[in-house]
Amino acid sequence: MTSTKPPASDWRRRYARYLTITDAITIVWVVFGTQIAWLGLDADIDTRTNLRLGDFSYWVFSTLLVLLWLGALALNDTRNYRVIGTGSAEYKRIFDASFALFGGIAILAFLLRIDVARGFLLLSLPLGVLLLFVERWLWRQWLASQRASGAYSARVLLVGSHSTIAQVANELQRTPTAGYFVVGACGPTGVIGDMIPGTKIPIMGSVNAIERAIAETHADTVVITSTDDLPPNKVKEISWGLEAGRQHLVLAPNIVDIAGPRIHTRPVAGLPLIHVETPRFSRGQRALKRTFDIIAASVALVIFSPLLISVALAVKLTSQGSVLYKQERIGLNGEPFRILKFRSMRAGADADLARLLEEQGTSTQPLFKVANDPRITRTGRFIRKYSLDEFPQLLNVLGGSMSVVGPRPQIAAEVALYSDAARRRLLARPGITGLWQVSGRSSLDWDQTVRLDLYYVENWSLISDLSILFRTVRAVLVPGATAR
């Protein structure tokens, strides 16, 4: 994760140019393509009065629409380096800018009494937003491959105590797609060339050698991981020494797993106080999530019904036992329910679980997972690989015991081992898929699993559910380790 090679040219501006070009190509194709498909090659916009505006061609209108759309994307910072590459903010900004533009056009057309073909606008907007999403997603795949080797990333110098440097460094290393490539660290003390304990991050000196460390590592971003061991006013001095516009200062307060919408900065008497709102789920949010669950589960059952029938036949014909496997799990607020799955193990497999966990030494951990489980059938191994065994849980969703997205439900013996923090997983309805499944699945340990689930429970939004579903589809199509 460390590197001392000099940085390339300004990747932020270069990448923004790439996005501008492909955004323009996408919007031109959508707008003019929709115009030709809907109206043909010869069409005019008519005004209802000829006193102020005469007839003018749709080609002029479409050209103006393209320019305004590109301008709206630029003004809403959809190509800002802070939002590209990871998270949902980039897509949200595209959506907001596009709908604001078309809403403004609709209002203007009404006020000026211009009769614009509604079908043209109604088709251009969703198609344009969809293709912009696809275009940006493709760029993200390319950017992720670049960032895996440290390219197209901020070159980060970490400053703080050794323990907080190690914590932040490990988190950044776990998610290289975020675009922060650590090149060194400065602590309260330290010998140049030594490593921060628990990492491969080289110590570039003390907190008094930051300017020299920046020059040697070619860092363009300084991340303050803690201020406890820094002299008074040291953060100000660091900011004064950075080159405006090219070098950046980032503060990483010791507030983890809290989403941006819950954090508000409020200056009071010269102090930048950070307010963190407590998690609150209104009736509207609960109703929205439940409505989404019912619609998504119903649509999925209809679309995938042939696949479900095929899997059921395969399970029935290749091994003895029932097609469906039912097991008691712990759900919302600790209430038990019976989860449904396609049977992927031989009949009576539950009786061997305790012995297998004891043999591999994991019987005291809340995540009861047997490595190379001998109980799984040949068909079961296939349907687990592609998560097909989970599909009957759509019936659990319709029944209200589960949600499409949420923490995975566990058996009572696992819940009995929960810490106080882990018990907060039960504040949300359990899901078929969740944040930890799409963030590493079975490769994550129990502490990482709890941390991701708690982040989801305390920072839920419909956008996050849609993002997790999209990542789930990708994980199923390109499966890695299987999830329980």
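**Salt bridges, sheet and surface of a predicted chain**

Arg136 is buried, with a relative accessible area of 0%; buried denotes a value under 20%, exposed one over 50%, and partly exposed one in between, for a 1.4 Å probe and protein chains only. The model is predicted, so local features require pLDDT of at least 70 and side-chain atom pairs pLDDT 80 or more, while totals for chains, interfaces and linings use all residues. Residues are numbered from 1 along each chain as its sequence is written, and side-chain values use heavy atoms, leaving out hydrogens and water.

Arg136 forms a salt bridge with Glu90, with 2.7 Å between the closest N and O atoms. This pair links distant parts of the chain, since Arg136 lies in helix α4 (residues 118-147) and Glu90 in helix α3 (residues 89-111), 46 residues apart. A salt bridge here is a side-chain nitrogen of Lys or Arg within 4 Å of a carboxyl oxygen of Asp or Glu. Helices (H or I, at least four residues) and strands (E, at least two) are DSSP runs numbered from the N terminus. Glu90 also counts as buried, at 1% relative accessibility.

In helix α6 (residues 210-217), Glu216 and Arg212 are four residues apart, which means a separation of about one helical turn. Their side chains meet in a salt bridge of 2.9 Å, N to O. Glu216 is partly exposed, with a relative accessible area of 41%, and Arg212 is likewise partly exposed at 32%. Elsewhere, salt bridges that share partners join Asp23, Arg79, Glu90, Glu135, Arg136 and Arg140 into one network. The whole structure holds 18 salt bridges.

Attention now turns to the sheet. Five strands form an open sheet in the order β6-β5-β4-β7-β8, with parallel pairing; two strands pair if DSSP finds at least two bridges between them. The edge strands, β6 (203-206) and β8 (248-251), each pair on one side only. From one strand to the next, the twist averages 30°. Axes are lines fitted to C-alpha atoms, for helices over the stretch in contact, and angles run from 0 to 180 degrees between N-to-C directions. Strands β4 (residues 154-159) and β7 (residues 221-224) run parallel and are joined by four bridges, and Val156 stands opposite Thr221 in β7. Helix α6 packs on the sheet, touching β4, β5 (180-187), β6 and β7, and its direction makes about 160° with that of β6. Contact requires heavy atoms within 4.5 Å.

Helix α8 (residues 283-303) supplies the largest share of the patch, four residues. Val302 is found in helix α8 and is exposed, with a relative accessible area of 63%.

Taken as a whole, the chain has 15 helices and 14 strands. Of its 484 residues, 43% are buried. Among contacts between residues at least 6 apart in sequence, 70% join residues at least 24 apart. The accessible surface comes to about 25,600 Å², of which 62% belongs to carbon and sulfur atoms; areas come from the Shrake-Rupley method with a 1.4 Å probe, and for residues only the protein chains shown count as cover.
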